[in-house]
Amino acid sequence: MRGVHGEFPAARPRRLRGTPALRRLVAEHRVAPADLILPAFVREGASEPTPIASMPGVVQHSLESLRRAAAEAVEAGVGGIMLFGVPEDAKKDAVGSAGTDPRGILQVALREVRAEVGDDLVVMSDLCLDEFTDHGHCGVLDAAGRVDNDATLDRYAEMARAQAEAGAHVLGPSGMMDGQVGYVRAALDEAGHQDVALFAYTAKYSSAFFGPFREAVASSLSGDRKTYQQDPANGREALRELALDLAEGADMVMVKPGMPYLDVLREVAEVAEVPVGAYQVSGEYAMVEAAAEKGVIDREAAILETLTGFKRAGASMILTYWATEAARRL
Ligand code: PBG
């Protein structure tokens, strides 16, 4: 480029990078504590939190430590919490009965967390059977051992009612069954739970980055979820899933995992008429922690950079296991 006085550039973007104050002033995107949602695991019968080896710093909570974590999240200004239940092994069965039992661990945890935080934190629950089935799939199986879409919808409807009764503000249907959002919406409305919102896992990919989660929830899965979760090769399909979820009444939508799917997040955010979230999953967490542990990455800077990336790609909400820590630092 030629400037008016000769060879040197007239346009100098570096002018706006000269001081921290200037950089702060011109920043296009900011992560706020209220954008963050903390996914949390609670284990039935646990009296102490149990560390998850593949996710250093994350635990399977006892009810008591979960209450504490929820209170700390409120204090840090975190926007929400997403609960996952880990039942006792003996309570798992083919249809995931513990997932719909009012005394099941997830329902108990929802009541306790609501008692702790009231309306100060948006309390969400994972609406899926995989933690509760003895085969580890997200739905019930037919005679041939395949995940039966429509039979699963009935289980989700029952689970949704149980979670709403237990006090969840928002339910996150994550099983990727066709029609799940509409089916669950109708079941909630019929039961008088019109105010309980649905945060649909709209684009959920069959991902290697869920690896550590399987340890976190002591999953019984031996195969994979490729017949119901999306193929990582497909982007356009996410827009089809989005159109269906919106037509079925999704109040918020999510793309998951996060970092390998920023393009999908961007496309969804461009057209969705509802708030959009990104789920930074267990493997993304483990990857950054492992690199930091090896001393090859600046942990805190890397965490903030990943969160900022989600905002830049169009997310207004981010599910991240660093939620409370990051909120304290912001
Ligand atoms: C399904 C569910 C999964 C995750 C959240 N909800 C696992 C899966 O689909 O196998 C993964 C979350 C993570 O990896 O952090 N209930």
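A salt bridge is a side-chain nitrogen of Lys or Arg within 4 Å of a carboxyl oxygen of Asp or Glu. By this criterion, Arg299 and Glu289 form a salt bridge, with their closest N and O atoms 2.9 Å apart. Arg299 lies in helix H10 (residues 299-313) and Glu289 in helix H9 (residues 282-293), so the pair ties together parts that are ten residues apart in sequence. Helices (H or I, at least four residues) and strands (E, at least two) are DSSP runs, numbered from the N terminus.

The model is predicted: local features need pLDDT of at least 70, side-chain atom pairs count only at pLDDT 80 or more, and totals for chains, interfaces and linings use all residues. Residues are numbered from 1 along each chain as its sequence is written, and side-chain values use heavy atoms, with hydrogens and water left out.

**Salt bridges**

The structure holds 20 salt bridges. Glu289 and Arg299 also belong to a network of salt bridges that links them with Glu300, Glu325 and Arg329.

| Pair | Closest N to O distance |
|---|---|
| Arg299 and Glu289 | 2.9 Å |
| Lys91 and Glu88 | 3.5 Å |

Burial is classed by relative accessible area: buried means under 20%, exposed over 50%, and partly exposed in between (1.4 Å probe, protein chains only). Arg299 is partly exposed at 24%, while Glu289 is buried at 9%. Lys91 is partly exposed at 39%, and Glu88 is partly exposed at 36%.

**Lys256**

Lys256 is in strand E8 (residues 252-256). Lys256 is buried but has no salt bridge; the nearest side chain of opposite charge is Asp126, 5.9 Å away. For this, Lys and Arg count as positive and Asp and Glu as negative, while His and the chain ends are not counted. Leaving aside residues up to four places away in sequence, Lys256 touches Tyr201, Ala203, Lys204, Tyr205, Phe210, Tyr279 and Val281 (contact means heavy atoms within 4.5 Å).

**Ligand site**

Around the ligand are 17 residues, of which Asp130, Arg214, Lys256, Ser282 and Tyr321 come nearest; a residue counts as near if one of its heavy atoms lies within 4 Å. A side-chain N or O atom of Asp130 is 2.7 Å from a nitrogen atom of the ligand. Ligand oxygen atoms lie 2.8 Å from a polar side-chain atom of Arg225 and 2.7 Å from a side-chain N or O atom of Gln229. Taken alone, the ligand exposes 410 Å², and the protein buries 100% of that (Shrake-Rupley method, 1.4 Å probe).

Conventions: A polar contact is a pair of N or O atoms within 3.5 Å; within protein, one must be able to donate a hydrogen and the other to accept it, and residues adjacent in sequence count only if both atoms are side-chain atoms.
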